[in-house]
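Colleague: I am new to this structure and would like to go through it with you. Could you show it to me?
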Amino acid sequence: MASLAKIYGPVMSLKLGMTNLVIISSPDTAREALQKNDAAVSARWVPDNPHALNHHEVSIAWLSSSSPLWKNLRTVVTTHLMSARCLDMTRTIRQEKSRELMTYFHENAGKSIRLSLPLFGVMLNLTSNLLFSEDVLDLGSDSTEDFKELVASALEEIAKPNVSDFYPFLRALDLQGRRRIAKVYLEKFYNYFDGIITRRLTGVTQMKENTGDFLDSLLKLHSDSNLDLRTIKGLLTDLFVASSESGSITIEWAMAELLRNHSVMLKARAELKEKIGSKQVEETDIPKLPYLHAIIKETMRLHPAGPLMLPHKVTEAGVEIGGFTLPKDARVMINVWAIGRDSTAWSEPDIFIPERFLLREVDFRGQDFEFIPFGSGRRLCPGLPLAVKTIPLMLASMLHEFEWMLPDGIRHSDVDLKDRFGASLALATPLQAVPIPVIATD
Ligand code: HEM
C-alpha cells in the first residue's frame, strides 16, 4: 500500500468486493482525518469477526465513538488503570515482571533464545497482574500454556482475510467459518474471566496488598450498576488482545535493530553504564536515558506495532481529505507504516538512526502527524501511558544486564528485518539471540 501511495497519492480509494476502502498515507492527510475531521472519521468499521457473541456491542475497540458505552469504557480505563496515580501504584508490578524476565535470561545465559517467547509471556503476566493480580503462565516453563496459546491463536485469527468483510451480504453464511472460530476463542476468554470474577466475588482470591486492583474497580462499578458482567469480560478480553503483543513485538524489533546496528547497541549500553552504574534499572531511572528513548521511537517509526491502526469509518457525507470527498460509510485505514517512512517528513527514511530523535522534538502522543504509532484523536491508544513505562524499563534492563550476541555463524548484517503482517507487525523471521550476563544481580 505504501508503494501504491507513491504512485497514486496519499489518499487512495480501493473497491474491495462491495466495500469502499480509503487509505491515508501522509502526515498532512492523517492530520486532516484525525484532527480536522476527527468527529466524522472516528467511528469503527467493524469486520465480521467481532460480531461473534455480539462482542462488538461491548467492545472498547469496536464500539462507535458516539456510543455512550464506549465513552464510559474509555473513562474507566483512563481513570482506573492508566491515571498517573494508578500507574504509580502499579510500579512495583512492572518492576517485578521485568525482574522475572531478567531471571529467565540469567537462567538461560549462553543459550540461543527465541526472544518473542519470554517477551510475549512476560507481557501477558504483566497485563494479568495489572488487571486482576494473578499470573496467567509460568515464564520458565516450555509447555504450551493454555492462556498463552489462546491469546496467540486469537491474534492470528483476527488477521485472516474473511470473504464476509468484502461481500457483507454473505455474512449470515459465514462461508469460511471465521465467525464460528472467533466465537470459540471469545467463549474461552469469557469463561476464563468468569472463573476469575467468580473467585474474586466469592473471596477465594484477593488482590495483593489489599489496595484494590483494576478488577476490584470494575466490580465496584458493577455493584453500582454502572457496568454489567458481560461488558467487564469483553473489556478484559480487549485489553489482553491489545496490550500483550504490541509491547513484546516492539521490544523484539528494537533488539533486532540493535543487533544489526552494533554501534547503536554499544552507545545505548554506554549510556546505561554512565547513568545507572552497576545497579539494576528501576522505573524511576528511565527519564535519565534520552538515547534509549530515541531508540524506542526510531523502532516505532520503522516498525509500528499497528501499521494500519484499527479500521475507522466515515459517518458523515461530504468529508474532504486531501481534496477528495470520502464516501459515507467507507472504511478508512491510516497507513502509519508509510507515514513513518515518508521521505518529505524524514531524511533517509528507511535507515535506523535514533539520533534523529535527539535533534528534533517529535513525540508519539498524537500531535506530530509524521509519527503516530499510537494513533491520534479520539481513538488514540488508551494504553499509551502504560506502554511508555513498560517498554523502556524492560529494554533498558535487557541491555544493562546482558551483552547480546547472535547465535553461532550469524553476522550482524544477517539479522533479517523483513516483516510479516498479522494482527500486529511481526518479524518474518523470529529473532534468536544469546544473553551473556554482564552485571551481577542480587
Ligand atoms: C507498543 C505498544 C502499543 C502500540 C504501538 C499501540 C497502538 C495502538 C493503535 C495504533 C491503536 C488504534 C488507534 C486507532 O485506530 O485510531 C490502539 C488502540 C487501542 N489500544 Fe493500543 N497500543 C499499544 C499498547 C497498548 C496497551 C498496553 C494497551 C492496554 C493495556 C492498549 C489498549 C488499546 C485499546 C483498548 C485500543 C482501542 C481503543 C479504541 O478503539 O478506542 N494498547 N493501540
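Modeller: Two strands are said to pair if DSSP finds at least two bridges between them. Helices (H or I, at least four residues) and strands (E, at least two) are DSSP runs, numbered from the N terminus. This is a predicted model, in which local features need pLDDT of at least 70, side-chain atom pairs count only at pLDDT 80 or more, and totals for chains, interfaces and linings use all residues. Residues are numbered from 1 along each chain as its sequence is written, and side-chain values use heavy atoms, with hydrogens and water left out.

Colleague: In what order do the three strands of the open sheet come?
Modeller: The order is β4-β12-β9, with antiparallel pairing. β4 (113-114) and β9 (402-405) are the edge strands, each pairing on one side only.

Colleague: How many bridges join β4 and β12?
Modeller: Two bridges join β4 to β12 (residues 432-437), in the antiparallel sense. Arg-114 is found opposite Gln-432 of β12.

Colleague: Now to β2: which strands does it pair with?
Modeller: β2 pairs with β1 (residues 11-16) in the antiparallel sense, over six bridges. With β8 (residues 331-334), β2 pairs in the parallel sense over four bridges. Lys-15 has Asn-20 of β2 as its bridge partner, and Val-22 is opposite Val-332 in β8.

Colleague: What lies between the strands in the hairpin of β1 and β2?
Modeller: Two residues lie between the strands, and Gly-17 in this hairpin takes a positive phi near 60°.

Colleague: Is β2 mostly covered or mostly open?
Modeller: β2 (residues 19-24) is mostly covered, as five of its six residues are buried. Buried means under 20% relative accessible area, exposed over 50%, and partly exposed in between (1.4 Å probe, protein chains only).

Colleague: Which residues other than glycine have a positive phi?
Modeller: Leu-53 is one of them, with a phi of about 55°, and Ser-133 has a phi near 60°. Leu-53 sits in the loop between β3 (43-44) and α4 (68-80), while Ser-133 sits in the loop between α7 (116-132) and α8 (146-158).

Colleague: Why does Ser-133 count as buried?
Modeller: Ser-133 counts as buried because its relative accessibility is 15%. Leu-53, at 29%, counts as partly exposed.

Colleague: Let us turn to the helices. Why does the span of α12 agree with its length?
Modeller: The expected span of a helix is 1.5 Å times one less than its number of residues. For the 32 residues of α12 (residues 229-260) this should give 46 Å, and the end C-alpha atoms are 47 Å apart, so the two agree. Of these 32 residues, 25 are buried.

Colleague: What does Lys-233 touch?
Modeller: Lys-233, which lies in α12, touches Tyr-190, Phe-193, Asp-194 and Ile-197, leaving aside residues up to four places away in sequence. Contact here means heavy atoms within 4.5 Å. Lys-233 counts as buried because its relative accessibility is 13%.

Colleague: One last topic: which protein donor does the iron atom of the ligand have?
Modeller: Cys-381 (SG), at 2.3 Å, is the only protein donor of that iron atom. Donors are N, O and S atoms within 2.8 Å of the metal (3.2 Å for Na, K and Ca); water is not among the atoms, so sites may look incomplete. Cys-381 belongs to the loop between α16 (356-359) and α17 (384-401).
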